Each structure stands twice: as C-alpha cells, then as structure tokens.
Amino acid sequence: MSKVISVAGLRKSYGSNSAVDGLDLEIEQGEIFALLGPNGAGKTTTVEILEGFRDRDAGQVRVLDFDPATKGSAGQQWRDRIGIVLQSTQDAGDLTVYESVSHFATYYENPKDPREVIELVGLTDKSDALARTLSGGQRRRLDVALGIIGNPELIFLDEPTTGFDPEARRAFWSLIRKLRDEGATILLTTHYLDEAEALADRVAVINRGKIIEVSTPDQLGGRATSLATVSWRDGAEIRTEKSANPTALVNSLAQQYGGDIPELNVRRASLEDIYLEMIGGTDE
Amino acid sequence: MSKPTALSIGMQRGRLEIKQFIRQRESVVFTLLFPLILLAIFGSVFSNSIAKGVTFSQYFVAGMIASGMVNTGFQQLAIMIPMERDFGTLKRLRGTPMPASSYFIGKAILVTLSMIIQVFLLLAAGVIFFGVNLPTSAHKWLLLLALLVLGSACSTVLGIAFSNVPKSGRGASAVVSPVVIVLQFFSGVFFVFTQLPHWMQSVAAIFPLKWMTQGARSVFLPDSFATREVAGNWETGRTFAIIGAWLVVGLIWAIRSFKWERD
C-alpha cells in the first residue's frame, strides 16, 4: 500500500516550548486514522503542518507525495486533492447551504456534484436555508460538505462531532465510513475515545510532541491481553477482582453462589482506560 | 472540467460578497444610508453660501463623495476582514485551492459596487433636496471617474492592509471608525478646509482623504473657487500623485502583512 502521509523527525517549537519533538507517522491509503492526545500534546500543530497552515522547524513531511510547506501555485494544485474540515466555524451565515457548497465547487478542478454532496451529508431539505439558521450538528455537516466538495483523496477532520447528540454522531460516523469506502483516506483528530474506536482502522497516541504508540483500537496498549475486571455483590459490599482468565473466575463464582452471581459485571479495559494510562492519567 | 482561473473565481466571489452584503441589513444601512443621513443633517443645518455660487451643500457633497470612497473601501474592509478572520472564513479559504488574488478581486467588486451606489445616492439626494449642481463638462465627469477609480483602489488596499491592525473582529469597528471620523474632520469634509487650524491642515495633507476631497471639489465646485484653496489652485497633478503614492504604500503593506489566521 502506498503512503498518503509520511512524517519523519518532525520538530516545531514556539519560543523555548517544543510543541512537536521528533514525531514519526505513516498513514496508508484508504484508512481512517485517528490521532489521539491531550490538549497541548502537539496534535493541532502536527495536523496544521500536514495541512500546510504552519511551517516546521525540522523533519521530513510528505502529504500525497508533496511537501505541504511549498508555496505558490504548486501548493494550490496540491490543495485541489485534499479536503480540510476545521474546528467549528460560523462563517458565511448569510448564504444558503446550496450557495456555499456550489460556490466552493468552483475552486476545484474535478468537484463532486453539489446536490449529491448535500444529499450525502443529509442536508437536502436544508439546501435553501441560510447557514446561520442551522443547528450545531447541521452546521457541522455543512462544514464537511465544504471539505469534501472538491472530491479529495485525503480528508482532515478536526474534532468533527463536538456538540453532537448521540444519534447525530452515529449518522455522522456512517457518513465518514462512506467517504472511506469511496476511496478517501481520512485523518481524524478527536477527544472522544468511543469515536476513535468506532471509526478508526488505526489510532496513534501523541503526547509531549511524540507518537507513543500506533495500533488498531482493539490492540492499543496491550488492550487485547489486558486483565479483565470482574465485580459482584458479596453481602453488603461490591467486590472487584482483576483476572487474566475471567471465565474461570465467573465459573467458580457461579458454583460458590449456586447459580446467579449477584450484580455480576465483567469488563475489559476500554480504549479510554488504556489511553488514560498511556498519557499518565491526565486528560487535560 | 477545465481549471478555474483566479479571475473567474474572483468574479464568483464578488457575486457572493454582494449577496452577503445585501442580506446583512446592518451593513446596508451603515455603509449606504449613514452618509445620506449626514447629508440631510448638514445640508439642513448649514444652508448658507460659502462663496459666490457655492452653497455649503455643494461643498459638503464633494466631501461626502470623497468620504464615500473611504467608507466603502477602507472602513468596510478594515472592519469586515478581521471579522472574517475571527469566524474562520479566511482559514477555510486558505485550505482550498482558491488563489489568494480571487479573494481580493471579490472584495474589490464589492467595494466598487457599494461605492457606485453610494455616489449615486449622494448625488441624487443632493440634486433633489439640496439644489446641488452637477458638473456640466465631459472633462469634469472624466476627472470624477478617474478620481473614483484611483481613490477607491487606494482606499481598498489600505483597508486590506489596515485589517491586520484590529486585534479582534468584534473590536474592529471601534478601532477603524474613529480613524475615519477624525480624518473626515481634519480633511475638510464637515467644515471648509481652509478655515481649519493650520496644524490640522498639515496633518490632513499627509493622508489621502484630504486629496480626495480636494479632487472632488475640483469636480463639483466652479473653477473660480480654486483660488480659495490652500495652494490657490486645484493641484490636480499633486492630488493624483499623492493618492497614487498611497495606493503603492497600501499595496506593499497589504501584501507584506496580510494574515489568514489570528495568531
């Protein structure tokens, strides 16, 4: 598989504060890749360097086989192939959904059909509504429509579902999967671990300007082989035990209680547990 | 589909800018109606003549047309662009293949259209309500056209350049409007320029608005009035040279300082 993004030894400091400190990263074509990390870990700086918004101090960066720091018309041709969905914006409130989407289509060489894109993000019945009358979730879907109208090979999604209700998030996730299935590569940054788990083919955890680990969501941090937590009620108290073999433990408990184990709960480490452990328990 | 050009995208942006402008009622009122309100007030308060055949309204309309270039270019853009920067409009555009020049072409189209409407409204109101005389010679109309083109271009690039000065979109109006109002007082828009204190005249002579108003007077006032100007004549060459110099300064300043994102 070809590399859509490849980064080696990336460095960027602001004054004496080193935001990205020797970061390596490779993203394959056609995958949804989630970048996780606490605020201030270097996530935004890294993504903005990949998007060509920021210059780097050192390191190799190739995005669609192009150096995003390149200025001039070559950069414009490269931008024709990427789509960027920034964190929430509130611009162009006085334009309708259709006006904005069809206008952005004029920027690109081979845009998608504006009506189809609006349909894809589920805004067809809001086509003629002014953007400022949209709800938060609808507004976000308009942002996505503007990000994908150019038929991009690579899509950057920054915190795409902040402020969504659970139903809207699920609808949004299936939209992202649809884009991946159409062949786009997606780099996602998110604060929601369940979102990374539901969507991402691979996740990377970034902390203090470095990648700590890259893995599939179910393997991250030895999650698949981590101990399970078994808890149950024993008289007045809840007892908890960590076990490498929870089935055996549950079996012996079942015999001990003669069938039903009061308030039995068996839990594998969640992605969030693993993640918090990896970044040192401070999600700030 | 063929590759879109910077100009064709710029024209599309111009259309969009105008659509948004019309849909924001505040901006329509602020940019287009406010000068008419001022004309109504000043034209009614000062109904005297300031020279033979020159009413205050005639003098004031010339000044307001010059101000119109500053309002629709400098003031409008220096307030609007910081807001677009805060809203993320500019960053979003930066992430697309849209050429930067298309954005500025769109703004120039917006400025041109709103300037034409403003000049037309001022002239119409002046003629209908305050007996303002329009120029009668083709030469004067051509001079007006040249002044509007150069003056608006100058005002537009200075507005783009100055858009980096306000620290936020919300505060932009508070930073930009006083600059414009003070310049209007200093440049002989609200009062007869030669009656202002000398130091005020000297300060005003540094900035383009003074020269725009003087240029507009050379169009709307009879040539006999020229002897009452500071230099004793219209200084047409000098007027265009100084506005042109500010155009160049503004262009360099804008290109060097323009930012697509708030730091």
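Domain bounds, as I use them here, come from an automatic or database domain assignment. For chain A that gives domain 1 (3-221) and domain 2 (227-267). The C-alpha centres of domain 1 of chain A and domain 2 of chain A lie 43 Å apart.

Some housekeeping. This is a predicted model, in which local features need pLDDT of at least 70, side-chain atom pairs count only at pLDDT 80 or more, and totals for chains, interfaces and linings use all residues. Residues are numbered from 1 along each chain as its sequence is written, while chains are lettered from A and ligands numbered from 1 in the order in which they are written.

Now chain A as a whole. Chain A has nine helices and twelve strands; these are DSSP runs, H or I of at least four residues for helices and E of at least two for strands, numbered from the N terminus. Its C-alpha atoms fill a box of roughly 70 × 50 × 35 Å along the principal axes. Of its 284 residues, 38% count as buried. Buried means that 20 or more other C-beta atoms, placed from the backbone, lie within 10 Å of the residue's own; 12 or fewer is exposed, and in between is partly exposed.

Next, the core. A nonpolar core is a set of buried Ala, Val, Leu, Ile, Met, Phe, Trp, Tyr and Cys residues joined through C-beta atoms within 7 Å. Which members of the largest one touch the most others? Among its 129 residues, they are A:Ala34, A:Ala145 and A:Ile186. The largest share of this core, 15 residues, comes from helix α3 (residues 56-87) of chain B. Beyond four places in sequence, the contacts of A:Ile186 include A:Ile32, A:Phe33 and A:Leu157, a contact being two C-beta atoms, placed from the backbone, within 7 Å.

One helix to look at is α9 (residues 271-278) of chain A. Here A:Leu271, A:Ile274 and A:Tyr275 are buried. They lie on the same side of α9(A) because they cover an arc of only 100° around the axis, taken from the directions from the helix axis to the C-beta atoms. In general, an α-helix has 3.6 residues a turn, so residues three or four places apart point the same way. The cover over the buried residues of α9(A) includes β3 (32-36), α7 (193-199) and β8 (202-207) of chain A. After α9(A) comes A:Gly280, with a positive phi near 85°.

Last, where the chains meet. Chain B gives 22 residues to the contact and chain A gives 20 residues. On the side of chain B that touches chain A, α1(B) supplies the largest share, six residues.
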